[in-house]
Amino acid sequence: MTIDRVDVVLEVVKILLVVGLLLNVVPIMVWVERRGSALIQDRLGPNRVGPFGLIQSMADALKFILKEDVIPLQANKWLYTLAPLFGLLPALTTIAVVPWGRPFFIPTEVMYGPRVSGACIVGAAVTAILAIVVAGGTAKYHRKPNYSRLNFTIGAIVATALFLVALGLIGVMFGIKAAGALHLPGGGRLFEPIIADVNVGILLIFALASLSVYGITTAGWSSANKFSLFGGIRASAQMISYELSLALSAVSVLMVAGSLRLTDVVAKQTGYFVLFDSVKIPAWNCFSPAIWLAMIVFIVSAFAETNRLPFDFAEAEAELVAGYHTEYSSMKFAMFFMSEYIAMTTMSALVVTLFFGGWDVPWYNEPPTLAGFLLSAIAFLAKVGFVLFVFVWVRWTIPRLKYDILMKIGWKVFLPLAIVNIVLVAWFIAERWI
Amino acid sequence: MIELLIFFFFAAVAVIFALVVILHRNTVVGALSLVASFFALAVMYVLLDAPFLAALQVIVYAGAIMVLFLFVIMLLNLQHVSEPATRPIQQFLGYSGSAFFGIALVYYIVKYTVLQLPPGPFLSDARLIGVALFEAYIFPFEMVSILLLAAIVGALLLSGRGGQAPSPVRTEVAR
């Protein structure tokens with residue numbers, strides 16, 4: 001296989017896009033979490049910075065950067081510093097094998113026409129409205145007694161940036177109009193919206209996910225704090241227990257798809273189940289009679305694997321102060337925060353890919369064009385967003401379990417259920433029902 | 001060219017971290033270095049066109065076994081273990097013995113394996129590996145599973161205090 005320059009550029013663009021999106025999910029999810037918890041607990045939540053408090057996360061990030069970075073005297077300095085990286089790197093790289101849209105043929109050239117100008121104008125209008133909303137919100141809070149200059153500055157910067165994006169889109173429109181048509185260098189070739197389409201896709205995800213526990217364990221041990229150590233030890237035992245049921249419940253899906261490649265798993269789900277020769281249901285695995293059991297096991301294990309309530313025993317504020325990151329401050333703490341939310345997003349993407357049809361839009365066959373790709377990518381993002389909201393919803397609804405109950409249901413309920421589901425799927429396949 | 005660079009980088013990583021495992025006094029650092037060494041080994045498998053094996057290497061060794069090792073090390077809190085002093089004769093026997101086995105290993109690997117390595121690709125597909133395991137190698141496969149079962153039963157027997165299964169009451173008292 002020869003590699004030419006366009007391939008390299010496309011690959012770099014994909015990586016930048018995905019990693020940029022993942023990193024930007026963090027502030028958005030922090031906002032959703034805080035406002036969502038407030039909604040569930042009948043409070044207001046952070047609503048001072050920007051409209052609906054949307055820019056609160058940026059103020060938080062700035063605060064993290066400006067805080068003093070404390071390393072405990074007794075800590076193992078090397079491991080203490082490296083531990084946040086151990087957590088963040090696997091979380092960031094796992095997404096590489098998840099497909100996030102329909103493959104499409106890149107058009108050779110974009111002619112200037114009503115579609116291009118329309119898209120540019122609508123995009124510019126939306127960003128401009130957002131900018132006005134942010135600016136208005138900032139100006140409004142400026143007059144309130146409890147305004148802070150930092151929040152005002154952040155609001156002003158965001159509003160200006162949004163205005164510049166809107167102006168840029170108008171500029172792009174006039175640029176294409178002046179040139180007549182935009183020639184694309186990679187025209188005619190197939191664009192696959194996945195960073196690495198390897199034939200062991202799901203195994204790679206489990207391999208990297210299993211490494212993510214080292215961040216927590218190392219942090220717990222190197223802090224030289226008994227609460228941290230307890231958090232780290234709990235995390236390692238918990239991960240070992242739930243990785244098994246997570247992987248075994250994914251096996252059911254892989255048996256149906258007949259491949260470890262996630263693009264094949266999604267392709268299998270783009271068809272339909274036809275009921276009574278008339279009702280068409282999308283062939284997503286969550287609607288399959290053989291797999292719903294595995295779906296429940298997988299989603300609950302995903303909560304345990306990402307250390308989210310009701311399974312956040314590594315943190316367990318009520319018992320261990322803050323668990324493994326008790327001693328962490330400043331950006332090191334922020335990196336643990338980031339890796340938690342990024343791991344959550346990756347898990348959601350995996351849940352969507354395995355059980356909710358990936359990028360498939362139900363009852364509609366996307367054409368292999370740019371429009372079809374955008375539609376499927378938006379569908380994928382919407383599904384991931386919904387699963388992420390479920391993560392938040394569950395966290396603020398279900399209280400933390402006891403640790404022995406966690407272990408008990410991991411080994412005595414979920415593991416047998418996952419194995420039962422494998423046998424069930426094997427039976428279905430042998431009978432040629434699916 | 002790039003493959004060669006990647007190979008030498010990860011070969012160096014594997015060797016350096018393997019050395020850290022045996023030379024560093026801190027057991028936790030040793031365990032984490034072993035994880036890094038295993039990871040570098042997995043990259044070797046990828047370079048050999050065997051991504052399936054690489055993924056299994058990381059899942060089983062780096063992800064599962066080493067987590068258990070780390071768990072036990074942390075639970076026992078083996079942070080500052082002082083080694084008992086060794087006699088010179090013990091040191092001499094240890095070094096010379098391991099040097100002998102190392103040289104013999106390299107000699108036989110060079111003589112018999114590397115020169116006759118079939119040109120890839122190897123069994124990279126999960127389906128091919130499954131077919132090979134359950135058709136050609138079904139007997140060794142089953143034997144290994146029986147061996148592991150025996151080991152599990154043995155571990156349960158040893159941990160079960162005199163052959164009895166620990167009753168709930170007894171664990172309550174122990175806690």
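How many residues lie between β5(A) and β6(A) in the hairpin that they form? The structure is a predicted model, in which local features need pLDDT of at least 70, side-chain atom pairs count only at pLDDT 80 or more, and totals for chains, interfaces and linings use all residues. Residues are numbered from 1 along each chain as its sequence is written, and chains are lettered from A and ligands numbered from 1 in the order in which they are written.

The hairpin of β5(A) and β6(A) has three residues between its strands, and F276(A) in the turn has a positive phi of about 50 degrees. Helices (H or I, at least four residues) and strands (E, at least two) are DSSP runs, numbered from the N terminus. Strand β5 of chain A covers residues 272-275 and runs antiparallel to β6 of chain A, residues 279-282, with four bridges joining them; strands pair if DSSP finds at least two bridges between them. Opposite L275(A) stands V279(A) of β6(A).

Helix α5 of chain A (residues 149-179) contains L169(A). Beyond its neighbours within four places in sequence, L169(A) is in contact with C120(A), G123(A), A124(A) and T127(A), contact meaning that C-beta atoms, placed from the backbone, lie within 7 Å.

Between the chains, 22 residues of chain A and 19 residues of chain B take part in the contact. On the side of chain B that touches chain A, α2 (27-47) and α3 (51-76) each supply at least two residues. The largest share, 14 residues, comes from α3(B).

Definitions and conventions: Two residues are in contact if their C-beta atoms, placed from the backbone, lie within 7 Å.
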